[in-house]
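Student: I'm new to this one, and I'd like to zoom in on a single part. Could you walk me through it slowly?

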Amino acid sequence: MTEQTHIYRLPGHDERRGDSFDVASLELSAARAEAQPSQALKGELREVRATDPEALIDLGEEDTAGAFWRQQEAEQRLLERRQYDAKRSREERYAAIINGMEDADNITDIANTTIALCNYRTMEAA
Amino acid sequence: MSDILTNALQLLVGDSLPKRPLKKLTERELIDLESAIGRELFGPIPTGHRREFFCLDAHTWIWYEEWAEAGQPKSSTTRYEVRPNGILKAQDGQNYKFIGGEELKNLNLAVRLYYEQTMREIYKRDPYTGKPLSHRPPVTI
């Protein structure tokens, strides 16, 4: 069975900009089309935005076709991110955590050593 | 009288009285001394190159390299800024980026070696305790 895609038009649709979306997207976000995103979703979207500066995320401050479409993109990115995280092996995740901890230790070491050195230098200088 | 007291005190505590032999040097001059150690930390300097590696202040490390290419003088300055959230690296005033992984580990190693050697050779202090180094020979039984 082939999946059929229906193209719907949003109010204020501009053909030249290609503002359209398929039926699956519509079903996914029908509940949110006119409402603001839930607090939980906002939190998740902010998390995506924090880790992916290029993510185009709208938190529902404006109710336009553009905002709706950007939200679809954000949800898609969130979904892809979840799928990616699920695929990563436990070892990979542990390695990432350990590398992060090592980096943090190195940063602390450098900061402390630099301050100690400058203190002695200041103490000894004229 | 004071000579007797000084001698008596030296007999009691040896040469470990706090001294400040570098008192007359400015911070800039101390940085020059430190850089003489810093430039040697990364192995031999190629002929015709000049290298400086030093701690500029409590938040900044500088790596400066100067050489000639086809008779034209070239130079490169790498600046490492110590920030609470990471070490920011800028080459020739641009391409700012936070370093991590192997590069961060290597910088930490260089900083530690620099600290240990300058503490011993310039400030005459134990790098771990910060106490002045004693010139007395170790006690033997």
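Student: At what angle do helix α2 and helix α3 of chain B pack, and how far apart are their axes?

Tutor: This is a predicted model, where local features need pLDDT of at least 70, side-chain atom pairs count only at pLDDT 80 or more, and totals for chains, interfaces and linings use all residues. Residues are numbered from 1 along each chain as its sequence is written, chains are lettered from A and ligands numbered from 1 in the order written, and side-chain values use heavy atoms, leaving out hydrogens and water.

Now to your helices. In chain B, α2 (residues 27-38) packs against α3 (residues 101-121) at about 125 degrees, and their axes are 10 Å apart. Axes here are lines fitted to C-alpha atoms, for helices over the stretch in contact, with angles from 0 to 180 degrees between N-to-C directions. Helices (H or I, at least four residues) and strands (E, at least two) are DSSP runs, numbered from the N terminus. α2(B) and α3(B) are therefore oblique to each other (under 35 degrees is roughly parallel, over 145 roughly antiparallel, 65 to 115 roughly perpendicular, the rest oblique). Who does the touching, meaning heavy atoms within 4.5 Å? From α2(B) come B:E34, B:S35, B:I37 and B:G38, and from α3(B) come B:Y114, B:Q117, B:T118 and B:E121. Sorted by class, that contact has two nonpolar, four polar and two charged residues (Ala, Val, Leu, Ile, Met, Phe, Trp, Tyr, Cys and Pro are nonpolar, Asp, Glu, Lys and Arg charged, the others, Gly among them, polar).

Next, look at the sheet in chain B. Five strands make an open, antiparallel sheet in the order β1-β2-β3-β4-β5, and two strands pair if DSSP finds at least two bridges between them. β1 (50-57) and β5 (94-98) of chain B sit at the edges with a single partner strand each, so one side of each has no neighbour in the sheet. From one strand to the next, the twist averages 15 degrees. And here α3(B) comes back: α3(B) packs on the sheet, touching β1, β2 (60-69), β3 (72-83), β4 and β5 of chain B, and its direction makes about 85 degrees with that of β1(B).

Let's go strand by strand. Seven antiparallel bridges pair β1(B) with β2(B), B:C55 has B:W61 of β2(B) as its bridge partner, and a hairpin of two residues joins these strands. Then 10 bridges tie β2(B) to β3(B), where B:T60 stands opposite B:E81 in β3(B). The hairpin between β2(B) and β3(B) also has two residues, and B:A70 in the turn has a positive phi of about 50 degrees. Six bridges link β3(B) to β4(B), with B:R83 partnered by B:G86 in β4(B). Finally, β4 (residues 86-91) of chain B pairs with β5(B) over three bridges, and B:L88 stands opposite B:F98.

Among six aromatic pairs over all chains, B:F42 and B:F53 are edge-to-face, 5.0 Å centre to centre with 90 degrees between the planes. Rings of Phe, Tyr and Trp (its six-membered ring) pair if their centres lie within 6.5 Å, with planes under 30 degrees apart stacked, over 60 edge-to-face and the rest tilted. B:F42 is in the loop between α2 and β1 of chain B, while B:F53 is in strand β1, 11 residues apart.

Notes
Contact = heavy atoms within 4.5 Å.
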